[in-house]
Amino acid sequence: MAGWLTCFCAQAQEVSPVKPPILITPPLEDTTDNKQFLQSLKRISQKKTLIGRAVKALVVFKPRRIEGPVENTLLPPAHAQHNYKVVRNIYFKRLDAFGYSINDTLAMPDNRLERLGNALHMRTKQNLLRNQILFREGDLLEPLALSESERLLRQTDYLLDARVLVNDSTSTRDSVDIVIITKDVFSISGSGSASTSSTRIALRDINFMGIGHQIRTNYRFGLSEPQPWQFTGSYFIQNISRSFISAELIYQNTHYYKQQSLHFKRDFYTTNTKYAGGASAGWYQTLQPDYYEQGEEEEGPDDFIRHIPLDYNIQDFWIGRAFRLKSYDLAQDNTGQFITAARFMNIEYTQGAGPTIQSARLYLSAYGYSFRRYYKDQYLFGFGRTEDIPAGNLLALTTGFEDGALKNRLYLGIKGAFGKYQPNFGYLYGGLEYGSYRHKNSWEQGVLTSEALYFTPLYRLRNWRWRHFLWNRTSIGMRRPDLFALDIDQEDGIRGFNSGGVRGYRKFVLNYETNFFLPLTLLGFRLAIIGFADLAWLTSVENKSPLKEKPYTGFGLGLRFRNEFLTFNTIQVLVGYYPRMPQLDGRQDFKLFQTTRQYYDFNDLRFTQPLISEFR
């Protein structure tokens with residue numbers, strides 16, 4: 001890494017006005033020579049035969065450097081000495097998507113495909129990167145500015161990785177030089193499909209003209225009636241004029257769902273952000289599942305829940321203020337925050353009805369405590385890129401009043417969560433949330449949810465790496481009329497499982513997954529073998545524990561692959577086995593399916609706008 005402080009001025013990516021002195025980069029470990037199989041492939045790729053050329057084009061034998069977990073939010077001890085020094089110069093080293101590496105100063109594009117990809121790619125503008133960091137030339141360097149700026153850069157969609165470093169060799173007693181190294185992803189992507197029933201075309205650019213704007217479109221045509229076409233499009237602008245306010249315009253038109261909406265949002269994006277807020281307006285038309293009556297007269301399971309039209313519009317506004325708690329060691333302590341927020345939401349239904357549906361004005365206030373820090377790790381949801389792991393605590397109390405067209409009622413909600421990470425232990429997250437309305441001296445429409453996520457440390461055997469995940473989610477309805485609102489399909493329970501008739505009121509879900517990361521790269525795609533075992537208990541009886549029911553299960557194996565230099569989602573191809581499938585009258589079932597959705601995700605322990613607890 002130290003070599004970037006000297007080499008970045010000389011590699012024609014971007015020339016800086018002042019050259020730091022030359023430092024020596026330690027040699028990188030070649031992790032591709034440990035396997036006999038890879039050595040054989042290397043020998044084959046060196047032959048000038050058709051097979052040799054094919055292997056050379058498909059398999060990448062570049063050395064990879066794997067970093068261990070490093071605490072990210074707290075400044076490294078070597079940087080604490082620079083607190084409150086003046087930022088003299090900021091140097092940017094912007095790397096194209098293909099062939100370059102943040103960790104390897106000698107890496108360069110070595111084939112025509114990589115050079116062609118870089119030629120077609122428009123590199124991220126330097127002004128956009130300046131907007132994303134928390135300091136400027138001439139500023140005093142705050143203790144958390146380096147690590148938080150690095151994390152903010154990494155969390156953007158258009159960057160694969162980022163480093164924010166102090167050049168100790170050029171720093172003085174009262175000033176510092178900062179080096180910022182970023183690596184782009186190839187921002188343009190597209191997909192499509194064709195069948196006898198329809199044709200689909202999807203295009204997107206998540207870094208339009210290098211200025212960070214995101215355009216996404218998806219068009220399907222050739223459908224049968226009632227609507228022969230479908231379209232979804234969005235335009236997203238992140239961090240407008242360094243205000244950290246984002247804007248998004250969304251339009252969607254399908255037979256089952258229509259949406260027109262505009263959103264502005266500013267989160268508590270760092271651990272010491274003072275103000276956050278948002279404003280949005282949207283118009284929606286959808287088909288709402290009728291959770292209140294069981295369609296026993298229907299024969300097929302897909303008709304178990306009938307759908308009714310539901311049209312509504314929403315105007316939503318909120319603002320929050322964080323108060324930083326006093327600390328006596330700003331260099332080494334990421335202090336917590338006490339946060340207050342208020343929200344107003346107006347919902348007007350123009351079509352549709354139900355026991356939990358009414359036009360209303362909702363007034364909410366929230367009070368909470370948030371403590372966050374971040375760690376670095378790899379091979380969680382990616383294939384070697386640096387990933388930020390949130391740890392800390394969150395406690396929030398929400399109170400409010402609903403001024404409804406049918407009835408007025410109070411609201412009370414409480415949420416607590418924690419995240420803990422240790423390199424030798426792994427990561428553990430736990431959260432508990434409760435919310436309910438108060439009407440005529442009784443509580444109604446309540447929900448109690450809990451979540452626990454654990455993943456192990458990264459295990460290694462030469463080039464092989466693997467990790468295990470365990471995830472639990474519980475949702476319990478309390479004095480609610482929608483007895484069939486919960487399902488266990490796909491991301492809500494068992495991956496690959498899909499049944500319109502399996503619904504209920506309370507559920508308990510347990511997911512296990514193991515990932516084996518292979519030491520191969522095919523056309524830039526990293527590979528992993530995954531295995532999973534999912535269990536879900538569900539009941540439609542109001543006061544019954546779901547664990548008293550017979551569980552639904554799913555077991556499977558598959559392959560996950562992704563090219564992290566491209567904007568394509570991670571692709572998974574899985575084979576699932578489901579011993580209990582209602583639509584098959586209890587017969588066993590195998591299913592081949594693919595997905596691009598990430599099954600697990602971190603709860604960021606970030607205080608958001610005041611929320612109504614979800615029943616899902």
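**Reading sheets, a helix and a patch**

Tutor: Start with the open sheet of three strands, in the order E2-E4-E3, with mixed pairing. The model is predicted: local features need pLDDT of at least 70, side-chain atom pairs count only at pLDDT 80 or more, and totals for chains, interfaces and linings use all residues. Residues are numbered from 1 along each chain as its sequence is written, and side-chain values use heavy atoms, with hydrogens and water left out.

Student: What counts as a strand, and when do two strands pair?

Tutor: Strands are DSSP runs (E, at least two residues), numbered from the N terminus, as are helices (H or I, at least four). Two strands pair if DSSP finds at least two bridges between them.

Student: Which are the edge strands of the sheet?

Tutor: Strand E2 (86-95) and strand E3 (159-166); each pairs on one side only. Neighbouring strands here are turned by 15° against each other on average, direction ignored. The axes behind that angle are lines fitted to C-alpha atoms.

Student: How many bridges link E2 and E4?

Tutor: Nine, in the parallel sense, with E4 spanning residues 175-184. Ile90 stands opposite Ile178 in E4.

Student: In a regular strand, where do the side chains go?

Tutor: They alternate between the two faces of the sheet.

Student: How do strands E14 and E15 run?

Tutor: Antiparallel: 18 bridges join E14 (residues 360-377) to E15 (residues 387-404). Leu364 stands opposite Gly400 in E15. E15 is also joined to E16 (residues 408-422), antiparallel, by 12 bridges. E15 and E16 form a hairpin with three residues between them. Asp403 has Asn408 in E16 as its bridge partner.

Student: Which residues of helix H5 are buried?

Tutor: First the cut-offs: buried is under 20% relative accessible area, exposed over 50%, partly exposed in between (1.4 Å probe, protein chains only). In H5 (residues 112-120), Glu114, Gly117 and Asn118 are buried. They cover an arc of only 95° around the axis, so they lie on the same side of H5. The arc uses directions from the helix axis to the C-beta atoms. The face turned away from the buried side carries exposed Arg112, Leu113, Ala119 and Leu120.

Student: What makes a nonpolar patch?

Tutor: Residues with over 30% relative accessible area and no salt bridge; nonpolar side chains (Val, Leu, Ile, Met, Phe, Trp, Tyr) are joined within 5 Å, like charges within 9 Å. A salt bridge puts a side-chain nitrogen of Lys or Arg within 4 Å of a carboxyl oxygen of Asp or Glu. Areas come from the Shrake-Rupley method with a 1.4 Å probe. Here one patch covers about 810 Å², and its residues include Met122, Phe208, Ile211 and Phe264.

Student: Where is Ile211 found?

Tutor: In the loop between strand E6 (199-208) and strand E7 (213-221). Ile211 counts as partly exposed because its relative accessibility is 37%.

Notes: Axes fitted to C-alpha atoms, helices over the stretch in contact; angles between N-to-C directions.
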